[in-house]
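Biologist: I would like to learn how to read a model like this one, feature by feature. Could you take me through it?

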Amino acid sequence: MSTSTSTDTFALQLDGITKHFGGIVAIKHFDLQIKPGEIVALVGDNGAGKSTLVKIISGMYQPTAGEIRLNGAPTNFRDPSDARTKGVEVVYQDLALVDLQPVYMNMFLGRELRKKPFGTLDRREMAAQTQALVDELDVRIPSAKAPLSDLSGGQRQGIAIARATNWASSLVLMDEPTAALGVAETARVEQIIMRLRERGAGVLIVSHNMEQVFRVADRVTVLRRGTQVATKRIDEVTHNELIAMITGLTS
Amino acid sequence: MTVTQADGTLTVGGRFRRVNWRQYVVYIGFVVVFIYFAATQGANFVNPTTLVTIITQATPITVMAVGTVFMLSLGEIDLSIGSTVALSALVAAVSLQATGQWWLAALAGLAIGAVVGLVNGLFVTLVRLPSFLVTLATMGLVAGLAQQLTNLQSVPVTEPVFSWIFGAGDIAGMPILVVWSIVVVALGWHVLRQRRFGAHVLAVGNRAAAASVSGIRVNRVKLIVFALSGVTAGLAGLLYSGRLAGATYTLGGSDLMSVLAAVIVGGTALTGGKASMIGALVGSLFMSMINYGLLLGGLTVAQQMIVRGVIILIAVSLSLRAKKSS
């Protein structure tokens with residue numbers, strides 16, 4: 001690794017990520033390191049460049065300049081499925097799940113397990129692994145075999161997070177994971193997110209909800225008009241300071 | 001209607017109703033109509049050959065129903081299967097006349113079905129047109145091709161191996177058309193329920209965006225299903241020409257409604273994501289039984305059409321209304 005200050009390997013390392021659209025600079029020299037098991041929040045006002053950054057990390061856009069490293073190795077993503085293969089999983093706010101299938105088929109969607117000798121679907125093994133994972137993360141659902149349509153919005157987002165966690169070798173990227181949920185369900189999903197620390201992948205969470213950022217994140221990084229304003233440990237910053245950094249207004 | 005609680009769980013009563021109706025309409029209907037015909041026609045209807053006749057008459061519909069289960073599971077529709085039947089049957093019959101080789105003829109019939117399916121699929125995936133429009137257009141186009149091919153002339157099929165395989169043969173006393181029904185439905189069930197491909201079809205039909213971000217190649221899945229639908233229509237064409245010892249452009253002309261009715265009554269959702277292969281088989285036999293019973297009852301062709309239409313409407317209403325309660 002080129003970083004001389006640390007022998008740690010970061011789950012995700014962004015060095016000087018820059019994105020131009022024609023003459024417009026959407027992201028200007030963005031740096032970030034996320035350790036395994038660390039939760040970092042990305043905040044910023046609408047149009048600050050959060051979505052662009054999320055799309056770069058999930059493989060939808062390629063950066064104009066800068067380097068992405070996963071677990072220390074320089075990499076680049078051709079497209080989202082390439083990013084998935086390399087260990088970045090995205091939890092979408094609109095739930096990328098299929099509700100007519102059972103929970104375990106959602107967990108393994110696109111990566112179904114097969115059994116010998118005929119390569120048929122191994123439903124029993126998928127259900128067993130799913131049950132073990134939801135138990136570990138304490139996602140409370142009736143059963144891994146229940147159809148997804150029997151689950152509440154919070155339970156479904158719990159499944160989406162569990163799925164991402166299960167497959168992410170480097171990073172779980174969450175884009176407003178609780179935007180569609182009520183208060184009680186948001187609290188449940190936040191508990192699940194915090195339990196991801198023990199599973200070793202880095203977590204980058206985009207959120208508009210400042211209370212949520214203070215509840216779940218270890219560190220926070222702020223974007224304003226494409227420029228990275230600051231990256232702080234969450235106990236080094238107050239609510240008002242964070243708002244000031246986001247808006248650019250000092251009170 | 002089921003009651004959804006604030007926490008999103010379903011009430012027990014709602015669950016029972018949903019499970020009941022969704023899955024069993026076709027089986028209940030089958031039994032009710034069977035009892036009706038048995039009661040009104042007695043031994044004329046209830047005898048060993050009846051069952052065999054019902055199955056063998058239904059075979060082309062059953063085969064196409066398998067392709068259509070995949071198609072509807074995907075949330076798409078193929079209206080061109082009926083005219084593909086005629087084109088495939090004629091292509092096979094003409095090839096048979098020209099070469100005398102049963103396997104070349106069979107291959108040609110299946111290949112033309114696959115080509116029609118792929119063309120449909122390419123317009124749906126690449127040009128991004130609704131499958132309803134694409135296959136409505138190809139339905140007419142293919143029917144025209146079938147009429148053009150032999151100038152409306154019928155073509156006899158006399159080659160013995162071809163006739164044995166696709167019509168008159170039997171294996172250990174079991175008519176070969178029954179064997180075809182069992183094999184194709186079993187294969188369809190296996191792919192739908194036990195293969196990754198089947199799971200991907202259902203996922204795409206349920207929510208294409210979710211399937212796509214999960215790494216499923218949506219267009220590839222669609223193309224394969226359209227080709228599959230064409231191939232089942234092609235096979236149905238071979239089965240008709242084998243059984244009837246000839247091919248003509250009118251073959252399959254009225255099959256589209258029967259196939260769709262069989263599949264929908266059988267519990268496959270028109271909106272995608274939900275499928276039943278066994279339901280489609282029973283649905284196909286149900287349609288065949290109605291045809292047979294009405295014929296036996298001495299109804300004129302016009303009367304049969306009216307009664308059949310009414311029964312289909314009732315059965316489809318029951319199975320679709322029940323589905324809404326989920």
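This is a predicted model: local features need pLDDT of at least 70, side-chain atom pairs count only at pLDDT 80 or more; totals for chains, interfaces and linings use all residues.

Biologist: Gladly. What does chain B contain in the way of helices and strands?

Modeller: Chain B has 13 helices and 4 strands. Its C-alpha atoms fill a box of roughly 70 × 55 × 40 Å along the principal axes.

Biologist: How does the radius of gyration of chain B stand against that of a compact globule?

Modeller: For 326 residues, a compact globule would come out near 20 Å, and chain B has 20 Å, so the two agree. As for burial, 48% of the 326 residues of chain B count as buried.

Biologist: Let's turn to helix packing. How should I describe a pair of helices?

Modeller: Two numbers do the work: the angle between the axes and the distance between them. Take helix H3 (residues 81-99) and helix H10 (residues 218-244) of chain B, whose axes are 7 Å apart and pack at an angle of about 55°. H3(B) and H10(B) are therefore oblique to each other. The crossing of H3(B) over H10(B) is right-handed.

Biologist: Which residues of H3(B) and H10(B) meet?

Modeller: On H3(B) they include B:Ile81, B:Val85, B:Ala89 and B:Ala92, and on H10(B) they include B:Gly230, B:Ala233, B:Gly237 and B:Tyr240. The residues of this contact between H3(B) and H10(B) divide into 10 nonpolar, 7 polar and no charged.

Biologist: And what is the general idea behind the spacing of residues along a helix?

Modeller: An α-helix has 3.6 residues a turn, so residues three or four places apart point the same way.

Biologist: Is helix H11 of chain B largely enclosed or open, and why?

Modeller: Count the buried residues, where buried means 20 or more other C-beta atoms within 10 Å. In helix H11 (residues 255-265) of chain B, 10 of the 11 residues are buried, so this helix is largely enclosed by the rest of the structure. Among the buried residues are B:Asp255, B:Leu256, B:Leu260 and B:Ile264. After H11(B) comes B:Gly267, with a positive phi near 105°.

Biologist: At what angle do H11(B) and helix H12 cross?

Modeller: H11(B) and helix H12 (residues 277-296) of chain B cross at roughly 130°, and their axes come within 7 Å. That makes H11(B) oblique to H12(B). H11(B) passes H12(B) in a right-handed crossing. From H11(B), B:Ser258, B:Ala261, B:Ala262, B:Val263 and B:Val265 take part, and they meet B:Ala280, B:Gly283, B:Ser284, B:Phe286 and B:Met287 in H12(B). By class, the contact of H11(B) with H12(B) has 7 nonpolar, 3 polar and no charged residues.

Biologist: I see B:Ser258 in that list. Is B:Ser258 buried or exposed?

Modeller: B:Ser258 is buried, with 24 other C-beta atoms within 10 Å. Setting aside neighbours within four places in sequence, B:Ser258 is in contact with B:Ile61 and B:Met287. B:Ser258 and B:Met64 are 194 residues apart in sequence, yet their C-alpha atoms are 9.8 Å apart in space.

Biologist: Last, how many residues of chain A and chain B are in contact?

Modeller: 22 residues of chain A are in contact with 22 residues of chain B. Helix H2 (80-85) and strand S8 (120-121) of chain A each supply at least two residues of the side of chain A that touches chain B, and H2(A) gives the most, with 3 residues. That side of chain A has 10 nonpolar, 7 polar and 5 charged residues.

Note on methods: Residues are numbered from 1 along each chain as its sequence is written. Chains are lettered from A and ligands numbered from 1 in the order in which they are written. Two residues are in contact if their C-beta atoms, placed from the backbone, lie within 7 Å. Ala, Val, Leu, Ile, Met, Phe, Trp, Tyr, Cys and Pro count as nonpolar, Asp, Glu, Lys and Arg as charged, and the others, Gly among them, as polar. Axes are lines fitted to C-alpha atoms, for helices over the stretch in contact, and angles run from 0 to 180 degrees between N-to-C directions. Angles under 35 degrees count as roughly parallel, over 145 as roughly antiparallel, 65 to 115 as roughly perpendicular and the rest as oblique. A crossing is left-handed if the near helix is turned anticlockwise from the far one by less than a right angle, and right-handed if clockwise. The radius of gyration is taken over C-alpha atoms; the globule rule is 2.2 Å times the number of residues to the power 0.38. A residue is buried if 20 or more other C-beta atoms lie within 10 Å of its own, exposed if 12 or fewer, and partly exposed in between; C-beta atoms are placed from the backbone.
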